[in-house]
Structures are given as C-alpha cells and as structure tokens.
Amino acid sequence: MAGELYPHESIHNFIERTVIIEKPQRYVSKFRPTVLEENRSTNYTKTMGPTKLEVPIPANYLKKHSKEPKLPEIKQVKGHYPCTAKKPGIPTGPFLPPVSTPTKRKTTTTKGAKQTPCVVDTNKGHKEYHNRNSGLVPVYIWKKDYGEVPNYLMRRKAKHQKALEEYNMNLKKQEQHETMKYLSDKECQAIIEDLKQKYNELNAEYLRLPFMIDTPSMKNRKVRLEVEMKQLEDDIKLLNRLESICKNK
C-alpha cells in the first residue's frame, strides 16, 4: 500500500526533510542545592559586604577607652597577708646601749687637690680642659659691673636729656615772644592818637592834589593815598572797638 502511494520514483522524494536532533540534558551538579543554601545563608555581595547588618542599639555607643587593651587583673597569692602584729617594745633598764659623749678633740679632714674642669668632646674619650678664652667658662657674669648700664649709655642719655630741656626752654621762650601783648588804656589811646594824626596828614596831602589828574604818576599817588587812608580808618575803628569791649568787662 505504501509502495503504491509513494513510489520510488516519486518527485516528493527530492524535497529536503528537516532532521530534528535531540540535545542531551544539561549537566547539573548534585552539590547545587548545598551551594545555593550556603550563598543564601551568608548573603554576601561582591564588594559591599553583607546586605543586612544588625542595627546597633543607642545604649551601646562608643565609650571612652573602650578600644584600649586591658591588662589582666592581678590576683593576690594566698598565704601572703600584711603584718598586723605589733613589734615588741624597747627594752628598758640596764639593757640600753651606752651613749657616746662628745669629746673636745678637734678632728682635721684633708681635702684633695682641686681638679681642673674638663669636657669630653669625642666618643674616644678625648678631654678638653677649660680655658678662659674657650667660650665654655662663664667670664663676664663674674665681673663687678655685670648687669649695670654702661657709662657711654649713661652719657648719651644725659646728653639727650639736656638737649631736650634746652629745646623745651627755647620753645617756651619763643611762645612767650610770639604771644600778643596786652596794652593798657593809655598805650591804646596813644596809638589811636598817632593813627589819627597820620590820617590827618595823609588827608591834607590828598586834599592838595589838583582837580584834573591826567598823568599816571598822579593817578598812582591818589590811589596810594586812598589805600593808606582806608587802612588807617579800619585800624582806628578796630582799636576803638577793642577799647570799648575792655571797658565793658
């Protein structure tokens, strides 16, 4: 029947058929469950450590000297106890030792020679004896005038003080010379009279000028007389005002 439906010379035999290859089952280790269980129990990440940590309690804060190593406690050895019993008393009577009485004999003690001071300056034991100019011996602190002000400084200070006193004296004299002198009433009145007399003389000279002034010299003379007369008027008014103020006081 099959040979009749699909003969050997059928064209269907030239069609390529897909061959299905069955793959073998993947290898699974028998220790896989134990490894998974271990990973699940440790629960460590690759770089950040365990995922969950125990949250510290606020009462267990870091205390002072808690990280320092502690020495083991010293245990007392049994059998060693402090002595609490009293000592026997001092014997009295003839048992006391004889007391030595001081004698009047003088004892002489001999002193050794004074050694010269030295310094060991090398690891081989080389000694260097102190010299006055070596710099190792204090010389200047044993002088009589050590710690006192030198004479040249005292002279300089006295010279400076004298120059300062002379400067203050000259300054005081200059101030006294430059201060204004208080005039008495008679002197002030005499000065006013002199100014009035000079003003009258200039006024008389001013009145003698010609009516027609056409030359530069005459013009300059007139201007000079007017300026001088104006200055004298101002000085007389000022002196009269000062005199009235002094009288009112």
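Which helix holds both arginine 224 and glutamate 228, and how many residues apart are they? Both lie in helix α5, 4 residues apart, about one turn of the helix.

The model is predicted, and local features need pLDDT of at least 70, side-chain atom pairs count only at pLDDT 80 or more, and totals for chains, interfaces and linings use all residues. Residues are numbered from 1 along each chain as its sequence is written, and side-chain values use heavy atoms, with hydrogens and water left out.

View 1. Helices (H or I, at least four residues) and strands (E, at least two) are DSSP runs, numbered from the N terminus. Arginine 224 is partly exposed at 40% relative accessible area, and glutamate 228 is partly exposed at 31%. Buried means under 20% relative accessible area, exposed over 50%, and partly exposed in between (1.4 Å probe, protein chains only). An α-helix has 3.6 residues a turn, so residues three or four places apart point the same way.

View 2. Lysine 230 is partly exposed, at 46%, as is aspartate 234, at 34%.

**View 3. Arginine 221 and glutamate 205 form a salt bridge between two helices.** Their side chains meet at 3.0 Å, N to O. Arginine 221 belongs to helix α5 (residues 216-248) and glutamate 205 to helix α4 (residues 185-207), so the pair ties together parts that are 16 residues apart in sequence. Arginine 221 is partly exposed at 34%, and glutamate 205 at 23%.

**View 4. Helix α3 covers residues 151-178.** Its 28 residues reach 41 Å from first C-alpha to last, close to the expected 40 Å; the expected span is 1.5 Å times one less than the number of residues. The number of buried residues in α3 is 0, so the helix lies largely in the open.

**View 5. Tyrosine 140 lies in the loop between β2 (127-129) and α3.** At 59% relative accessibility, tyrosine 140 is exposed.

Definitions and conventions. Salt bridge = Lys/Arg side-chain N within 4 Å of Asp/Glu carboxyl O.
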